[in-house]
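Biologist: Hi! I'm new to this one. Could you walk me through it?

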Amino acid sequence: MTILPGAKVAAPAADAPAANAPVADAPPADPGNAFLAKAAAVTAVLTVAGSLLGLVRDQVLAHFFGAGSDTDAFLVAWTVPEMAATLLIEDGLAFFLVPAFSLALVRRAAADPGPDPVRALVAASLPRMALCFVAAGLVLIAAAPLLVAVLAPGLPDPGLAVDCTRLTATCTLTFGLAGYCSAALRAHQRFVAPASVYVVYNAAIIAALFLLAAPFGVRAAAAGVALGGALMVVVQAPSLWRQLRHRPVRLAPPAAPRTEDAPAARLQKAVIWTVLLFALCRQSQVLIERFLASSLPAGAISHLNYAQKVAQMPMVLSLMLCTVTFPVVARALAEGDTDRARDRVERDLVLAACVVLCGAAAIVACAPALVRLLFERGAFTGADTATTAAVMRVYAIGLLGHTLVGALARAHFSVGRTTWAPLAAMAIGIVATAGLGFLTVGTWGVYGIAGANAAGICVTAVLLLHALGPRAVPLRTRAVAGQLARLALAAAGAAALGAWCAHHVGPPALAVLAGGLVVAVSFLLIGRAVGARAPGAVLRRCAALRAHPRVGAVRARALRGPALRARVLRARALRSVTRKRRRHDS
């Protein structure tokens with residue numbers, strides 16, 4: 001399935017300059033809210049499917065190995081695919097490749113002379129990047145013992161962690177190729193294949209655990225990582241090949257060469273380094289957490305991992321819209337339309353904050369019941385549930401910061417020029433995380449580590465919000481901050497009501513359902529009461545749908561159905577009574 005915008009390309013006027021003639025197969029610069037909503041919905045569905053499979057993966061891992069030393073060893077090796085996913089799929093490559101492909105598509109649409117700019121970009125960048133990915137993988141395989149010693153010096157079984165690290169090191173190549181395909185496809189407004197990568201990835205890990213856990217232990221999960229990375233490339237390669245194979249049809253003859261334009265195939269090395277260093281600095285939060293947790297009793301790394309995996313689901317969902325609109329913002333800035341880019345980023349920030357704060361309130365309200373429902377079986381004990389739920393609630397405090405960092409970083413890097421502001425803001429946040437973590441880990445243990453994570457990322461979010469300016473996307477910062485504050489107030493009230501409701505419901509499944517429902521309804525009502533725009537817009541949309549003629553007809557049919565059945569039953573009962581009377585009279 002490929003989502004295609006419904007826009008039609010009009011033929012150019014006879015007297016229009018040839019240089020401005022569009023290309024027949026070029027994606028539109030602004031595909032419209034309907035297309036973006038559809039793309040975001042499909043992306044969200046596939047992302048939720050991948051996240052649910054990720055939860056199943058964690059459940060299977062907890063079932064086979066619990067929260068012990070084997071799981072800790074694998075999670076140290078899991079640092080490699082975690083960082084590779086951030087650097088190569090989610091943030092790093094996308095932050096400079098999507099603007100680069102957007103600029104190439106703008107030049108293709110302008111009927112630039114010479115070779116196709118998109119193909120030229122691929123030919124100039126993909127082979128070199130693939131060699132870098134291979135070299136990085138070989139270095140990680142050779143340096144695995146040193147890496148494990150640095151990441152977790154107090155690990156009980158470092159040899160097992162080294163074996164797992166060498167297996168997961170293959171993802172530097174596969175994740176790099178998968179991230180390249182994802183960025184190129186999203187710039188072409190194809191979102192289904194990139195959104196499905198984590199579905200096949202987690203499915204491969206689950207299958208490897210069931211098939212290989214008995215003979216190979218936790219190494220089976222590492223082998224699943226290697227297999228899943230390869231499937232990430234396989235699921236996207238055909239779609240990208242179709243985009244590159246199709247020759248663009250120009251609706252006008254090409255204009256004379258413009259020597260002042262830089263070639264679209266050129267990727268500035270400074271832009272690449274700023275993006276990669278930002279993504280590496282952001283992911284180093286995980287390294288700091290695991291370094292600090294390695295000195296705690298066995299299971300500390302596992303508690304942090306399970307809590308973070310569940311708590312980050314609202315953040316993942318909230319960033320779906322930003323992922324879909326990132327190529328739109330980059331395309332608008334490439335065309336010089338700063339106002340359209342600013343309006344799009346402001347709407348995305350508020351909507352993403354609305355989703356993540358509602359999810360964070362649900363996490364805080366239902367954390368014990370949610371962990372009990374998802375993980376408490378096999379080797380995962382009640383004590384593990386209590387610790388993981390408490391850590392999850394601490395992590396939830398920083399979810400808004402994580403979402404804002406992801407959304408604002410896209411706004412900073414969408415200009416396609418060198419900017420050091422995101423790296424500087426992230427570095428300050430990392431220093432805050434490390435400092436607070438070292439100060440609190442001795443007293444508060446895993447709770448201090450999670451709190452340091454939340455504090456550090458919130459510092460980064462505030463700095464990024466204030467760093468946007470004329471060189472990037474000039475946001476109306478005060479208005480955006482006011483909306484975020486109103487949403488945070490609504491989330492605090494919804495979390496309190498949801499926690500009270502979940503506490504008074506016994507079974508975990510019912511507690512999660514009841515608490516989540518109370519959180520959602522109260523968040524919308526409190527948000528509308530305090531003047532937040534997004535909850536009020538949702539309620540108005542629901543009221544409009546309720547008043548729609550089709551919805552009214554469906555409701556009328558639904559109401560007529562029970563009434564009709566009641567009349568039929570009364571008629572049958574009356575006929576039965578009549579027959580009995582006739583028999584009695586005769």
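**A first walk through the model**

Modeller: Happy to! Let's start with helix H2 (residues 69-77): seven of its nine residues are buried, so the helix is largely enclosed by the rest of the structure. Buried means under 20% relative accessible area, exposed means over 50%, and partly exposed lies in between (1.4 Å probe, protein chains only).

Biologist: Which are the buried residues of H2?

Modeller: They are Thr71, Asp72, Ala73, Phe74, Leu75, Val76 and Ala77.

Biologist: Before we go on, where does the model come from, and how do you number things?

Modeller: This is a predicted model, where local features need pLDDT of at least 70 and side-chain atom pairs count only at pLDDT 80 or more, while totals for chains, interfaces and linings use all residues. Residues are numbered from 1 along each chain as its sequence is written, and side-chain values use heavy atoms, with hydrogens and water left out.

Biologist: Got it. How many helices and strands does the protein chain have?

Modeller: The protein chain has 24 helices and zero strands. Both are DSSP runs numbered from the N terminus, with at least four residues (H or I) for a helix and at least two (E) for a strand.

Biologist: And what share of the residues is buried?

Modeller: Of the 586 residues in the protein chain, 51% are buried. The accessible surface comes to about 25800 Å², and 68% of that belongs to carbon and sulfur atoms. Those areas come from the Shrake-Rupley method with a 1.4 Å probe; for residues, only the protein chains shown count as cover.

Biologist: What about contacts in the protein chain between residues at least 6 apart in sequence?

Modeller: Among those, 84% join residues at least 24 apart. A contact means heavy atoms within 4.5 Å.

Biologist: How far apart are leucine 370 and leucine 513?

Modeller: They are 143 residues apart in sequence and 9.7 Å apart in space, C-alpha to C-alpha.

Biologist: Switching to charges: how many salt bridges does the structure hold?

Modeller: It holds 10 salt bridges. A salt bridge here is a side-chain nitrogen of Lys or Arg within 4 Å of a carboxyl oxygen of Asp or Glu. One of them joins arginine 219 and aspartate 163, whose closest N and O atoms are 2.9 Å apart. That pair links distant parts of the chain, 56 residues apart: arginine 219 is in helix H11 (residues 219-245) and aspartate 163 is in helix H7 (residues 158-168).

Biologist: Are those two buried or partly exposed?

Modeller: Arginine 219 is partly exposed at 34% relative accessible area, and aspartate 163 counts as partly exposed at 30%.

Biologist: Tell me about arginine 342. What does it touch?

Modeller: Arginine 342 is in helix H16 and is buried, with a relative accessible area of 17%. Not counting residues up to four places away in sequence, arginine 342 touches Val473, Pro474, Leu475 and Arg476.

Biologist: Last one: which residues form a nonpolar patch on the surface?

Modeller: Trp273, Leu277, Leu280 and Trp420 form one, with about 430 Å² of accessible area together. Patches are made of residues with over 30% relative accessible area and no salt bridge; like charges are joined within 9 Å, and nonpolar side chains (Val, Leu, Ile, Met, Phe, Trp, Tyr) within 5 Å. Tryptophan 420 is in the loop between helix H18 (399-413) and helix H19 (421-444), and counts as partly exposed at 48% relative accessibility.
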